[in-house]
Amino acid sequence: MKPLPPQLVLVTFLIVILVLSEAAAAAPDKSNLVYKGCAKQVLSDPNGVYSSALSAIFGTLIQQSSKAKFFKTTSGTGQSSVSGLFQCRGDLTNLECYTCVSKLPILMDKLCGKTVAGRIQLLGCYMHYEVSGFAEISGLELLYKTCGKSTRDSGFQVTRDSAFSSLVSGISSGNGGFYTTSYESVYVLGQCQGDLGTSDCGTCVKSAVQRAQLECGSSISGQIYLHRCFISYNYHPNGTPKDNNPSSASSFSSPSSSSSTSGSNTGRTVAIILGGAAGVGFLIVFLLIVRKAMKKDDDY
């Protein structure tokens with residue numbers, strides 16, 4: 001058997017790379033900004049004590065994100081101390097978690113500047129820090145919400161509420177603070193802050209569910225972020241996606257990031273269209289080369 005012509009091997013390789021690139025471009029970006037929460041009080045730091053502590057915290061959190069989904073730490077002493085934490089969504093790999101968390105300190109500085117407390121939530125992870133003495137807020141306080149378009153399906157809310165019940169039951173049964181499930185055509189996801197106990201986690205998620213029912217009504221998708229937990233849901237009338245990814249059918253972003261998210265989605269769409277056109281071109285070249293190779297074989 002004769003070896004494949006070099007041109008054939010090259011074209012095959014390019015087609016494989018093209019397919020993989022298109023798949024990556026179409027996948028939801030876990031680093032999309034969902035919302036930012038910045039304290040109004042500016043951090044007074046004439047001696048650079050807080051900045052030093054904050055830098056140490058960011059470094060520790062990034063380092064830990066390669067091997068954990070949640071980590072909490074404190075730097076400094078007394079009134080000069082700063083506490084911080086990160087958490088990744090429970091279905092992320094260690095590499096995805098590290099990649100997501102690594103973006104947060106830069107975004108924190110860009111979006112919040114030097115404030116006494118800040119929180120940046122991306123689709124796949126979030127980071128939070130606060131200086132000593134900053135006023136504590138309730139774990140059930142609503143931080144951010146987003147609701148999709150409404151549906152006229154009369155049975156939707158009943159189906160969604162059944163999915164919510166399964167979510168509350170599952171998260172309250174002790175699943176490491178992260179739980180996903182589907183009920184008929186509704187996919188739901190819930191996660192609690194990593195240091196929250198099972199009972200408190202169940203209470204938090206139940207509160208988030210009640211918020212979703214009240215705030216989103218007949219919306220076919222939504223996300224509710226409380227201080228210590230969050231939930232998301234998506235309605236898929238044609239069946240839930242095989243990858244069970246809540247962001248595969250809809251994306252969420254804060255108003256401050258809507259333009260950049262839109263640009264990102266447009267860029268991915270253009271990349272896919274151009275990639276598809278290039279794929280057709282590669283296929284034509286591929287067929288021509290195969291035909292030429294077969295013709296040479298026939299000549300022998």
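**Strands and cores**

Mentor: Start with strand 4. Six of its six residues are buried, so the strand is largely enclosed by the rest of the structure. Keep in mind that this is a predicted model.

Trainee: OK. Which residues of strand 4 point which way?
Mentor: Ala117, Arg119 and Gln121 point one way. Gly118, Ile120 and Leu122 point the other way. All are buried.

Trainee: How does strand 4 pair with strand 1?
Mentor: In the antiparallel sense, over five bridges. Strand 1 covers residues 33-38. Leu33 has Leu122 of strand 4 as its bridge partner.

Trainee: And what about strand 4 and strand 5?
Mentor: Antiparallel again, over five bridges. The two form a hairpin, with two residues between them. Within that pairing, Gln121 stands opposite Tyr126 in strand 5.

Trainee: Switching to the largest nonpolar core. Which members touch the most others?
Mentor: Val82, Val101 and Met127, out of 27 residues in that core. Several elements supply at least two residues each, among them strand 3 (82-88), helix 3 (94-102) and helix 4 (104-111). Strand 4 (117-122) and strand 5 (125-131) are on that list too.

Trainee: Which element gives the largest share?
Mentor: Helix 2, with six residues.

Trainee: What does Val101 touch?
Mentor: Leaving out residues up to four places away in sequence, Val101 touches Leu61, Ile62, Ser65, Phe86, Cys88, Cys125 and Met127.

Trainee: Is Ser65 buried or exposed?
Mentor: Ser65 counts as buried because its relative accessibility is 0%. The cut-off for buried is under 20%.

Trainee: What does Ser65 touch?
Mentor: Phe86, Asn94, Cys97, Tyr98 and Val101, again not counting residues up to four places away in sequence.

Trainee: Last one, Ile62. Where does it lie?
Mentor: In helix 2. With residues up to four places away in sequence left out, Ile62 touches Tyr98, Val101, Ser102 and Pro105.

Trainee: How many residues separate Ile62 and Cys100 in sequence?
Mentor: They are 38 residues apart in sequence. In space, the C-alpha to C-alpha distance is 9.3 Å.

How values were computed: Residues are numbered from 1 along each chain as its sequence is written. This is a predicted model: local features need pLDDT of at least 70, side-chain atom pairs count only at pLDDT 80 or more; totals for chains, interfaces and linings use all residues. Side-chain values use heavy atoms; hydrogens and water are left out. A nonpolar core is a set of buried Ala, Val, Leu, Ile, Met, Phe, Trp, Tyr and Cys residues joined through side-chain atoms within 4.5 Å. Buried means under 20% relative accessible area, exposed over 50%, partly exposed in between (1.4 Å probe, protein chains only). Helices (H or I, at least four residues) and strands (E, at least two) are DSSP runs, numbered from the N terminus. Contact means heavy atoms within 4.5 Å. Two strands pair if DSSP finds at least two bridges between them.
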